[in-house]
Amino acid sequence: MRGFPHGWRARAATVAVAAVVATTVTAAVAPASATAGRAVAAPPRPAPEGDDGLGARIRRIMTQRQYAHARWGLLEVDEKGRTVHSVHRGEFFIPGSAAKLFSVSGTWRTLGGGHRFTTPVRAVGVRDGSVLDGDLVLVAQGDLSLGGRTGPHGTLEYTDLDHTYANDVPGATLTPQDPLAGIDELARQVRRSGITEVHGDVVVDSRLFRSSPSLDPAPTPLIVNDNLVDLLTTPASAGRPARLSWRPHVAPYRVESSVRTVAAGGATDVSVSASPDGTRIRLSGTIAADARPVMRVSPVRDPDAFGRTALIEALDREGVSVSAPVTGPNPAGLLPDSTTDGERVAAYVSPPYTEYAKLILKVSHNLGANLGVCLMAVHEGSHDCEDGFRPLGAFIRRAGVDPGQVELADGRGGDPVDRVTPVAFSRLLRFWESTPEAARFRRALPILGVDGSLAGSCTRRATCPAHGRVFAKPGTVAGFDAVNRRLAVGGQTLAGYLDAGHGRRHTFFIGVNGAFAPDIEGVLAIGDDLNRIAALLQQQASTGRGKAATRTSPRGHAGHPSAKRRVGPQGRGEA
């Protein structure tokens with residue numbers, strides 16, 4: 001099982017791929033990757049017959065050995081709605097995280113791009129000067145960030161490889177913002193309201209919605225730091241314990257590390273485990289003396305209790321005492337009948353939803369995409385996340401997309417049900433081009449060679465003319481094939497826009513179902529193959545070499561990967 005990390009099969013439920021982020025390819029039009037095609041017994045795929053208009057370089061990519069039994073789909077439509085290339089345009093493909101184009105679009109158009117989340121703290125009880133004889137109630141509003149990513153100019157900050165993928169993909173990094181910034185601001189406002197003593201408790205009101213078993217990761221009304229604890233291991237000198245830093249510090253969470261530093265060039269393998277309630281976290285393994293710091297995360301299993309304690313601790317830092325114990329379960333039984341009972345003594349107001357959409361699309365934020373389904377349900381007056389699919393379906397119809405060509409059971413694109421046709425992607429993308437927010441939506445997508453999950457490919461304009469001229473959302477679904485002891489890549493996709501020059505933009509979809517790879521690096525290379533195809537299509541479009549109304553149905557089918565992928569408990573991965 002060459003190329004698989006130690007214990008890979010046992011850890012199949014947590015392996016993920018951020019396809020293009022992790023690649024080092026600098027020219028998207030370089031020869032097809034050797035990595036994806038190595039160690040494969042299958043013969044090469046026969047080249048498509050005839051002149052299909054895609055060009056020999058694209059056909060060479062699509063007929064590599066790892067695609068021997070795969071089905072490709074490709075659709076490119078120009079700014080006038082004319083088909084440039086078409087391969088299996090009306091057939092279903094596994095979308096992976098490209099499905100986020102639908103869930104994020106639906107949330108954006110349902111809530112409104114300017115929607116801001118206002119998370120209040122209410123004083124319920126009797127006030128006597130600076131003393132509250134009662135409880136402070138934090139009314140959760142489904143704010144994905146709650147100030148934890150907000151930059152100085154009101155934008156939500158992100159890194160190209162998000163910390164939510166830290167256990168799965170090497171190189172995840174943190175934004176510099178304090179994940180408790182919103183909680184701290186609420187505490188400051190409570191103090192400014194004149195309260196210095198609370199003879200009662202702090203309660204989190206999370207009645208906004210109930211999550212659904214189909215949504216994994218499960219959204220919660222209160223989210224602090226993506227419901228994660230960040231753990232950063234930095235090497236010391238060889239033979240010494242590695243250095244540990246973690247955040248956010250909230251009781252009763254404790255972290256211990258037995259990670260040792262080994263000689264330069266040695267193995268770096270850091271594992272994380274936690275107690276059943278998640279409050280006792282342990283890191284183990286080794287890190288090479290010359291290695292970069294290694295990020296890991298551990299889930300917060302009770303977000304309400306976590307948020308309650310975080311607020312009590314923040315209040316204490318601001319000089320507000322609370323008589324109740326700092327730690328313990330959230331006392332939901334103390335909640336008033338209405339979420340508006342009591343005096344509002346604090347409120348955190350978020351950036352507009354457009355910032356959240358950008359975050360979700362740029363880094364393929366799974367929790368944020370699933371959260372959108374719940375927010376649509378709340379907007380329609382429901383507390384059941386499953387009801388969010390009704391307004392999503394209504395939006396899909398308003399966008400001119402045939403709902404029969406979109407099958408989704410979550411927001412992230414990781415459910416086995418999820419299927420979308422190339423035509424559906426194209427019509428959704430063309431819908432946005434007809435709106436006043438077209439440019440904002442386009443810039444929210446990963447940009448080839450620039451940012452997000454397309455940052456690592458086509459990194460220099462000098463060697464890759466498509467640099468900065470492809471705006472697209474990638475997606476990956478892959479899992480461990482126990483028979484052949486390799487990765488089965490069920491779906492790799494890429495959908496978005498090609499800058500054709502002179503203000504012209506083409507919509508495109510590339511997808512491949514049924515590829516395979518010897519290891520994770522091979523999956524990354526498949527993702528880069530799709531980026532390479534997109535780069536070649538962009539150059540054809542900008543030079544006028546792509547001819548409208550070309551339809552093809554090659555024996556090999558067209559597609560593209562690049563995104564993030566997680567392997568589920570049955571060895572299935574999603575991105």
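Student: How far apart are the sulfur atoms of cysteine 374 and cysteine 385?
Tutor: This is a predicted model, in which local features need pLDDT of at least 70, side-chain atom pairs count only at pLDDT 80 or more, and totals for chains, interfaces and linings use all residues. Residues are numbered from 1 along each chain as its sequence is written, and side-chain values use heavy atoms, with hydrogens and water left out. A disulfide is a pair of cysteine sulfur atoms within 2.5 Å. Cysteine 374 and cysteine 385 form one, with their sulfur atoms at 2.0 Å.

Student: Which parts does the pair of cysteine 374 and cysteine 385 tie together?
Tutor: Helices (H or I, at least four residues) and strands (E, at least two) are DSSP runs, numbered from the N terminus. The two cysteines are 11 residues apart in sequence. Cysteine 374 lies in helix H7 (residues 366–379) and cysteine 385 in a loop, so the pair ties together H7 and the loop between H7 and helix H8 (389–398).

Student: What is the handedness of the disulfide of cysteine 374 and cysteine 385?
Tutor: Look at the torsion about the S-S bond, which is about 110°. The disulfide is therefore right-handed.

Student: What is the handedness of the link of cysteine 458 and cysteine 464?
Tutor: These cysteines form a disulfide with their sulfur atoms 1.9 Å apart. The angle about the S-S bond is -95°. The link is left-handed.

Student: Is cysteine 458 buried or exposed?
Tutor: Buried means under 20% relative accessible area, exposed over 50%, partly exposed in between (1.4 Å probe, protein chains only). The relative accessible area of cysteine 458 is 0%, so cysteine 458 is buried.

Student: At what angle do the axes of helix H3 and helix H6 cross?
Tutor: Axes are lines fitted to C-alpha atoms, for helices over the stretch in contact, and angles run from 0 to 180 degrees between N-to-C directions. The axes of H3 (residues 100–111) and H6 (residues 353–363) come within 10 Å. They cross at roughly 175°.

Student: Why is H3 described as roughly antiparallel to H6?
Tutor: Angles under 35 degrees count as roughly parallel, over 145 as roughly antiparallel, 65 to 115 as roughly perpendicular and the rest as oblique. The crossing angle is roughly 175°. That makes H3 roughly antiparallel to H6.

Student: Which residues of H6 make the contact with H3?
Tutor: Contact means heavy atoms within 4.5 Å. H3 contributes Lys100, Leu101, Val104, Thr107, Trp108 and Leu111. From H6 come Tyr353, Thr354, Ala357, Ile360 and Leu361.

Student: How many residues of H6 are buried?
Tutor: H6 is mostly covered. Its cover includes H3, strand S3 (116–128), strand S15 (343–352), H7, helix H10 (438–444) and strand S18 (470–481).

Student: How are the planes of phenylalanine 93 and phenylalanine 509 arranged?
Tutor: Rings of Phe, Tyr and Trp (its six-membered ring) pair if their centres lie within 6.5 Å; planes under 30 degrees apart count as stacked, over 60 as edge-to-face and the rest as tilted. The structure holds 12 aromatic pairs. Here the centres are 5.8 Å apart and the planes are at 55°, so the pair is tilted.

Student: How many residues apart in sequence are the parts that phenylalanine 93 and phenylalanine 509 tie together?
Tutor: Phenylalanine 93 lies in the loop between strand S2 (83–87) and H3. Phenylalanine 509 lies in strand S20 (residues 504–517). Both are buried. The separation in sequence is 416 residues.
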